[in-house]
Amino acid sequence: MKPYHTERSKKEEVREMFDRIAPTYDLLNHTLSFNIDRLWRRRVVRIVRRLEPHRILDVATGTGDLAIALARRIRGTRVLGVDLSERMLDIARRKVSEAGLDGRIVLDTGDAEHLDLADGAVDVATVAFGVRNFGDLGAGLRELARVVRPGGRAVILEFSTPSNPLARAFYGIWNRRVLPGVGGMVSHDRAAYRYLPDSIGAFPSPDRFLAMLSEAGFRNGRARSLSFGIAHIYTAER
């Protein structure tokens, strides 16, 4: 799925899209989700905290919300956040500095399919609302498996299409009508807020995504449904 269906790569288009919507991304993300996204990230943090990691990689870190939450709540851990969009990272750097976490969070431009890390370099890899934007999902998952140490974990938070008919109908109306309308008006990029729900619809089912994690080199995959299946937290062991 490509944002604007041009001949350029999905990766190029996603990077440019997020560069454009970066200034309004946090406002729209929290407002349009009624702040439920914050609760979901807290669930991710609780899962990761139980693993007592020292080194965390946060891929598609965006404006840094998950990286900051992990560093705040997990004593002694260090977080590397990577993202394709430099403008999103600029906002993340400001937020990290304001939180006084410069010494514990490092942010850098990075490609999920070509991470500048050694094999087994991190204890946990996290992704929040980013795997569906990978240019090549299978390649990105294999790269996560490469950099997570044996016995480490991947913890992935991603939107999904609810299986419940009523929830799916409401979610469809919200994504097809409200999200492009409000998101496009505030961000002045309606195409971006058409792509975002399209990318959710194109994302693999939870069962298929767990199979892809296994194919990439992970084991003991598990999917936790959130808010009637609007999102899932996926965990898998390396």
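In the predicted model, Ala60 is partly exposed, with a relative accessible area of 24%. This residue is found in the loop between β1 and α3, and it has a positive phi of about 55 degrees although it is not a glycine. Most residues other than glycine have a negative phi. A positive phi also occurs at Glu52, where the value is about 50 degrees and the residue is again not a glycine. Glu52 lies in the loop between α2 and β1, the strand that spans residues 55–59. In terms of solvent accessibility, Glu52 counts as exposed, at 63% relative accessibility.

The helix that Glu52 follows is α2, which comprises residues 36–50. Its 15 residues reach 22 Å from the first C-alpha to the last, close to the 21 Å expected at 1.5 Å a residue. The buried residues of α2 are Asp37, Trp40, Arg41, Val44, Val45, Ile47 and Val48. These cover an arc of only 165 degrees around the axis, which puts them on the same side of α2. An α-helix has 3.6 residues a turn, so residues three or four places apart point the same way.

Helix α4, formed by residues 86–98, has 13 residues. From its first C-alpha to its last, α4 reaches 18 Å, close to the 18 Å expected at 1.5 Å a residue. Met88, Leu89, Ile91, Ala92, Lys95 and Val96 are buried in this helix. They cover an arc of only 160 degrees around the axis and are therefore placed on the same side of α4. The elements that cover the buried residues of α4 include the helices α1 and α3 (65–73), together with the strands β2 (78–83) and β3 (105–109). After α4 comes Gly100, whose phi is positive, near 70 degrees.

Helix α1, which contributes to the cover of α4, also packs against helix α7. The two helices consist of residues 10–32 and residues 190–202, respectively, and pack at an angle of about 105 degrees with their axes 10 Å apart. Because angles of 65 to 115 degrees count as roughly perpendicular, α1 and α7 are roughly perpendicular to each other. On the α1 side, the contact involves Lys10, Val14, Met17, Phe18, Ile21, Tyr25 and Leu28. These residues meet Ala192, Tyr193, Tyr195 and Leu196 in α7. By class, the contact comprises ten nonpolar residues, no polar residues and one charged residue.

Tyr195, one of the α7 residues in this contact, counts as buried at 1% relative accessibility. The C-alpha atoms of Tyr195 and Met17 are separated by 9.6 Å, whereas the two residues are 178 residues apart along the chain. Met17 is itself among the α1 residues that meet α7.

Pro204 counts as buried, with a relative accessibility of 18%. When residues up to four places away in sequence are not counted, Pro204 touches Leu137, Phe209 and Met212. The C-alpha atoms of Pro204 and Arg132 are separated by 8.8 Å, and these residues are 72 residues apart along the chain.

How values were computed. Residues are numbered from 1 along each chain as its sequence is written. This is a predicted model: local features need pLDDT of at least 70, side-chain atom pairs count only at pLDDT 80 or more; totals for chains, interfaces and linings use all residues. Side-chain values use heavy atoms; hydrogens and water are left out. Axes are lines fitted to C-alpha atoms, for helices over the stretch in contact, and angles run from 0 to 180 degrees between N-to-C directions. Helices (H or I, at least four residues) and strands (E, at least two) are DSSP runs, numbered from the N terminus. Angles under 35 degrees count as roughly parallel, over 145 as roughly antiparallel, 65 to 115 as roughly perpendicular and the rest as oblique. Contact means heavy atoms within 4.5 Å. Ala, Val, Leu, Ile, Met, Phe, Trp, Tyr, Cys and Pro count as nonpolar, Asp, Glu, Lys and Arg as charged, and the others, Gly among them, as polar. The expected span of a helix is 1.5 Å times one less than its number of residues. Buried means under 20% relative accessible area, exposed over 50%, partly exposed in between (1.4 Å probe, protein chains only). The arc is that of the directions from the helix axis to the C-beta atoms.
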